[in-house]
Amino acid sequence: MTSNLIVYLIAIPLFSSAVLLLSGRKANKWGHLLGTLASASSFGVSAYLFTQMLAQPAEDRAMTQKLFSWISVGSFNVDASLLLDQLSICFVLLITGVGTLIHIYSISYMSHDLDRRRFFAYLNLFIAAMLLLVLGDSYLNLYVGWEGVGLASYLLIGFWNEKPTYATAAKKAFVMNRVGDLGLSLAIMIAFASMGTVSFAGIKEAAPQASTTTLTAIGIMLLIAAAGKSAQFPLQAWLGDAMAGPTPVSALIHAATMVTAGVYLITRSNFIFDAAPTAQLLVVIVGAITLLFGAVIGTAKDDIKKALAASTMSQIGYMTLAAGLGPVGYAFAIMHLLTHGFFKAGMFLGAGSVMHGMNDEVNMRKYGALRKFMPITFITFGLGYLAIIGIPPFAGFYSKDMIIETALNAGGIKGILLGSAALFGAGLTAFYMTRVMILTFTGTKRWDDDAHPHESPILMWLPMAILAIGSVVSGFLFTRGDALVHWLEPVVASHGHEEHSELLPPIVVSGIALTIVLIGISIAVMMYVRRPIEDVAPENVSALTRIVRQDLLQDAANEAIFMRPGQALTKTLIAVDEKVIDGAVHGVGAMAIGSGSELRKSQTGYVRSYSALILVGAAAIVLGIWVITQ
Amino acid sequence: MTINWISLTALLPLIGAVLLATLPKGAELRAKQFAFGTTLITAASAIAMAVQFQRDNTNLQFVEVRSWIPSFGINYAVGIDGIALVLILMSVILAPIVILAGWNEAQGGRWSVKTFYILILVLETMMIGVFSATDVFLFYVIFEAMLVPVYFLIGGYGTGERSAAAVKFLLYSLFGGLLMLASIIAIYVMSGDQGGHTFDIAKLANLEMSSTTQNFLFLGFFIAFAIKAPLWPFHTWLPDAAQSATPGTSVLLLGVLDKVGTFGMIRYCLTLFPEASKTFTPAIIVLAIISIIYGAILAIGQKDLKRLIAFTSISHFGFITMGIFAMTSQSQSGATLYMFNHGFSTAALFIVGGWMIARRGSSTISDFGGLQRVTPVMAWCFFLAGMSSLALPGLSSFVSEFLVLVGTYTRYPVAAIIATVGIILAALYILIPVQRALHGPTTPGNENLPDLNLREKIAIAPVLAAIIALGFYPSPLLNVINPAAAHVNSQIGFTDPVPTVEGK
Amino acid sequence: MNSANYLYLSALLFTIGAVGVVIRRNAIVVFMCVELMLNAANLSFVTFSRINGNLDGQVVAFFTMVVAACEVVVGLAIIVTIYRSRRSASVDDANLLKR
Amino acid sequence: MDFNSPTLEYSLLAPILIILAGALIGVLIEAFVGKTRRPVVQLSVALAALVLALIQVIRIRELSSTTAAMGSVVIDGPGLLFQGAILIIAIISIFLIADQDNFTSSPAALPGSDEERQATQSGTVLTEIYPLTLFAVAGMLLFPVASDLITLFVALEVLSLPLYLMAGLSRHRRLASQEAALKYFLLGAFSSAFFLFGSAYLYGYAGTVSFAGIHAAVVGGTGNDVILLLGIAFVSIGLLFKVSAVPFHAWSPDVYQGAPTPITGFMAAATKIAAFGAMLRLFYTVLAEAQWQWRPFFMVIAIITMIFGSLVAISQRDVKRMLAYSSIAHAGFLLTGVIALNKAGLEASIYYLFAYGVATVGAFGIVTLVRDSSGEVSDLNRWAGLGKRSPWVASAFAFFLLAFAGIPLTSGFIGKFAIFSAAYESGATAVVIVGVLSSAIAAFFYIRVIVLMFFTDATEDGTSVVIPSILTRLTIAISLVITVALGVFPAPLLDFIKPLAIFIR
Amino acid sequence: MINYALELGQTAKPEALLFYILAPLAVAAAIGMLVVKKAVHSAILLAWVMVTLAIFYIAQDAAFLGIVQIVVYTGAVMMLFLFILMLVGVDSSESLTETIKGLRWIAITASIGFGGLLISLLGRASLGRTTAGLADANSNGNVEGLAQLIFSDYVWPFEVISALLITAAVGAMVLAHHERTVKRVSQREQSQARFRSGSLAAAAGLPGPGVFALHNAVDVPALLPDGSPAPSSISATLKARGDMLDSTQYQLDNNDNAAEDK
């Protein structure tokens, strides 16, 4: 089925973005409105397309639109064409839906910023790029969106780039993403070299004939790409710093949408991973490590946004883990992705709301007792909190429980390890999220005198409220009759629901999970409700805490492994360039000049030495003759 | 007698230069306007030619052959294929942009403004000639003669150590040129032994020679082109030259002149010495990879904006060279497209960078800071140019870079993988100056820098528009390039590696 | 009598003349050494004339004498001029032009 | 006995005879024409003689390929080409020579004496230059067409003696000029002795002094080659001295520097043509069959000449000396034409000689223009910034330098290409490679001068460029036009040379 | 050595005898030219070599050349040399110590190499034919034979050589001839100038030297009536050379007026 409407999904925000960027200050008055409208229109189109899709039988739901032939050289033919199938529509709806809400939120949140128009331009640009990412029908098209969101992310993280650390954060995000992009490019190259195509459909068709080695290679490269974009281990370090961007950005890009692109990529490439067990194993390992990694650093964060960011990292770890579990996991990965999109976006907006009321203060130790001053924020944030820690019947419970279950059922020791990791992560999540709640909303007030906490205006709390509703109901909706699983089936092709030998019955798993969550909450309550909270983080803490505070030394490691040697290499090469390469050239020149001035001395000015030279020359010639007539 | 489009296009700037010489001394503005007009007319002529170009015809088109030095079998012979057409188009489009963008850059020179534009126009004639020559001798003559105007442009109108840089440039190029001359002499003599002296490239391609001879002659040509391109380790002249030249000159130098090197590799190295090309391919690929990585790393470490751009170009030329010698249809087409796109993205970088430098009076990156706040339009232009330089998907350079990489991968996977690391370094070498110059607090002395004026906006707009448009829709160029690139590969006898699995 | 002996003599005289040009400093003596070389060459000509049985060699020798006379005139004029300017006939003193 | 009354083909000898007649008239003018009118009359006579001779050369080109004057002279295509080239160079140079500022007014007066000052102030000019120049030209015309060793030797002396004299006649820095004359003379005589000694051996080997006879002996000689080789060696030393090939070059930097600049230009250009003309004739016709013996030697000499000339020129501080070393390097390039020993080599050499000669005269013409209060300034450091003060003069000089460097679109490039390709064709690959490399080195010092003129700021020392006289201007303009024309459209000359460039034996 | 002796025996004809006597002398004289200090001695030794060669010419059937060698070369050319030597100072002698470092050794090595190799090569040479002798060529007389060649076969170089002679003459003149650039002042003009100079003291002409002095040599200034010496009576040349003597010692008596007159 083809549809001519798909392109408008992208075109509308892209056009809006271009208009906003090019029209300059004139557009300050109406720029934010145009941006929001563009996003909303895109949402409208996607909603319409969704209804169209629903009207079709499951196997005919995928829609395509060929725009033009983009790159065509020899056998390398890539069309600019779009694919809207069951998987993409989930994302499209999430992106445009949450995106629109965040646009609305931003109107108010950014109202005092001189560059609000530019902000909306970037947001629109992001929406367009993200849509291209999920709508592209080939890896190369995806790549354009992939880097496009990277660019938008860079621009938005660095939105307040007058502050050098923010600019650095933006750069860091871009560069680390580029490492991921390297993986994606290589994956495309390998795919083209081995299968002669880069489109999803083409590769899907060719994959079964391809060697496992090839597919494993592609899979690993795709994993690198996903790790870069989704802040998965070992490319996770940029996400925390990315919180430099305005909070709506964190909500949209660094929580709900962009960072989940890695999960999308893996899910989209299911035909590769399913045939490459090694790559798949790596995916789950990465997912498991990251979910724990994120959760652990989340426990020590005092910056509310960074705490949420760590949480995001951890939650995406869950998704990656799920996606790595193969056909059984893809749907759960996407489900968690969607629910996470709601609750995490909602919580970020909540955090933004808090900051909005607290003079942009992000240190939770300077909060406290805010529930009285910001009741709506407290409620919406609280709903998100309940969702993320997995309290039934909130959304997170359904999605996370599924993942834990699937992980445990992965079989053998692998399943036990993964399951315990997931369970442990759930406990940690409960701990640090409770900590966030306690520090922010309960207890005694610790803020400075010049802070005048107040509730946010309606334009801000309304999106929060809508997202909160999503956090509450989405999980239930998705799992009702396995709705999402069936919806995605044509894409992720769970080749017949193979029966896994279940390690534990689902109800037991849920029970264990809930217990662990409750333990996590209790510890947090014990630590932060019973004891007074200092407004400055205590210094006399264990070495472990310190390490956790330093994000498990992730930056130190990067510095030691890449940055310092890199800088040294740069310095060395500059010296080599000057001294050795240019030096050799100059050396040759100097040699010529030097020998010239040495030879010049033969010109003594004495006529007798000249005649001696002639005589010597003659003698040499005679000697030559003497030799050759020998 | 019909007028040959190539000759006409090439002649226009020369006529302009002669007329310009007759202008009175003081008339600076008139000289500028006149030069600008001439380049516009030239561009129009070239575009008119491009419209008539039959893109599926792999033969040379617009061929004109006139006897020049019959006793040596030397002809004035011109003709273009898709590759040459694209490069000529790039040259003639860049020329008016350079003039418009650098409206005042001739002021600080040793000689009059008029002389500057005469040199530019003469150079333009030679640029067209060098890409369209089909007589090796004619090519060589222009190849060498081009050095003279550039030499004076750098040495006379540049900044800093301009004369040293100009001399370095000239000597490097002359040295390479002389090596090529040695090879040309050998070819000429051989052609004489095999049926009459000729310099017709088509006939020379059929020369029979021993593989040793071919290897030596290939090296003569290749080193000349490698110096021109420039390829590691023959690159050290470029940063100096770019640092000293005016931005406009740098655009022409890096954007157009250096392309003669890579163009020459395709047109002469591959065509005349197919066997030797194959022999040396591994070595050249290695050099290309070193260039890519080395250029990028050195760019990261630069403190001077112009030097930085120069080193990025060294990295980019590594890509082009790699694409040429990987000899797959993707890499070959990609390399030519890369030449075109690099022309524009480097032009954008140098032009905007030049404006920044002219405003600030310094080319040290750390002297800038916070320009995004002070001069948002200029900052944006620079940013976009930078994005093009790091081959952001959606911009033109991505298409070419990716084609080169993917094409190379099918034949030399390891090389492609190493080269791909270059894209990470590219992010660093662009974002570091972007951060230092555009972001952060506005450094003292920059508060009152003026943003772009209308002339500057008009100058840069087509470049940026081309960068974006060709990123989304490169087909017009690719359609012209593909047949020619395929023809080159088939001449050497290379076919694309077949994928192990046949997909759709 | 073997004519070759004259050739040896000629070679010897030529060599001595050449050495004289190198080691003597008085420009006139240097020039005389050149004359010695010319004479040595003449001796060869005359000898070869005899060996070859034609008079061409003698004609050359005759021409050489005339040429030598002309050279002497010009040479001595130059030497005298430089002597008048410098009050020295040593070739080593003429050392303005070098390097 | 019967006396064979000699026949002289006057029309074929006419170019030489016209020049000699012009010279004799010049001598008579010295005696009979008033002092004030002498310069104009002398110039007119000299010019007329040169032009008439040139016309005659052109007229007899159809009659060529014969011997004349009892076999002493051979008039063939190459010979006439050399003669034509020499005459054209002489015509260009005579305008430069006519700019009398360069010559002392009274050579007999002591340098720095009152007499000298008075002579200079009185405006006396040295018109003997013209007949001397014409005598030199006559010798040069005869040198490349001489067909026996006697004529060759006589021609050598006829061309040399006036040059020895003229080298000493500079107005400025007279001591240096006289020193140049002395050095030139002593070393010239020294090398003539070698030449003569070699001739003796060639005569001994062949039993005759005629080229034809020597050739016959070389082809069908009895005995061994020792005498022949010695003869070739010593004759070559004489010729290599004239073209200033290493190691017989040492005179040229000093003489070039000391001699009056117009003479330097004339000498550098015309002597090279004449000497190479003779050398080419000797080695292409007479000794061609002995190439296995002499070519290796010439290759070595060519290689060291090219390298030496290029390297030493780099470190020169005086423009005339630099041009001298450049001419040494060019001698090396030209030797590759001798080594080539094929028709292409001959054509190339003729072209190269002409192109180089014209550019040389032009370059030295410009050197005469750069002066300060005490005369010509040849110190390169004081040429700094010339491009600023006199852009046209500097540009013209730069163009000549580029021609020397062999940059395309100048005559030098075509010459270099032609001569190297001829040498390569003959299998002298090593020589060609060295030639190309030393061209690169050579480019370095030419460019250095260009940098100095255009990119270096002038020191305030009163160096100025005099407004060239109309005659000097003519010299420079003609040279420039020819250099450009030969670079861009070399075909007419090449095509002209091609059918003529066949030596007859 | 043995061969040499044998050869000597075989060739012991008058010519050989002449050769073996004169050749060593010629070589000795030539070497002498290099080692004697005075240029004049060198010239004399060269003249001796030339005479020797003239004898050898005659011995080799080149009678005309022999005579010319003596008359023209030894007679005229060498005289010219001697003349110039006189001009520049006949007793000027030259230190034979070498001032240019290493030159002597280079010269000696090169010359021994050159001469040795040359002679060795000549020994190796063969023309493949025997000495023809000049009996045939000189059958009509040596001078006639030469004339035949010079005036027919070699008439062209013979004519050209005239150019050389003219060049030499012109050249010598250019370098030696002083052209008067200032008009010669006539006696009448001098006289007029003296009278118009303003002082009658100068009008009468200068005093002659030695007047009234006890000594009347040209280098002693005349004494004025008051007894003081008159330097103007001495020739400027002598003054410049510093050859002017003090005239006071030849004064009749020391007059006190001398001081007043100044």
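**A walk from chain A to chain E**

Start with chains A and C: ten residues of chain A are in contact with ten residues of chain C. Keep in mind as you click around that this is a predicted model.

Now select residues 607-628 of chain A. That's helix H24, which gives the most to the side of chain A that touches chain C, with five residues. Colour that side of chain A by class and you'll get four nonpolar, four polar and two charged residues.

Next stop, still in chain A: pick residues 63-73, strand E1, and residues 76-84, strand E2. The two strands pair in the antiparallel sense, over nine bridges. To see one of the pairings up close, click A:Phe68; across from it in E2(A), its bridge partner is A:Ala80.

Last, hide chain A and bring up chains C and E. Here the contact takes 63 residues from chain C and 68 residues from chain E. On chain C, select helices H1 (4-23), H2 (27-52) and H3 (56-86): each supplies at least two residues of the side that touches chain E. Which helix has the largest share of that side? It's H3(C), with 22 residues. Colour this side of chain C by class too, and it comes out as 43 nonpolar, 14 polar and six charged residues.

Terms used:
Residues are numbered from 1 along each chain as its sequence is written. Chains are lettered from A and ligands numbered from 1 in the order in which they are written. This is a predicted model: local features need pLDDT of at least 70, side-chain atom pairs count only at pLDDT 80 or more; totals for chains, interfaces and linings use all residues. A residue is buried if 20 or more other C-beta atoms lie within 10 Å of its own, exposed if 12 or fewer, and partly exposed in between; C-beta atoms are placed from the backbone. Helices (H or I, at least four residues) and strands (E, at least two) are DSSP runs, numbered from the N terminus. Two strands pair if DSSP finds at least two bridges between them. Two residues are in contact if their C-beta atoms, placed from the backbone, lie within 7 Å. Ala, Val, Leu, Ile, Met, Phe, Trp, Tyr, Cys and Pro count as nonpolar, Asp, Glu, Lys and Arg as charged, and the others, Gly among them, as polar.
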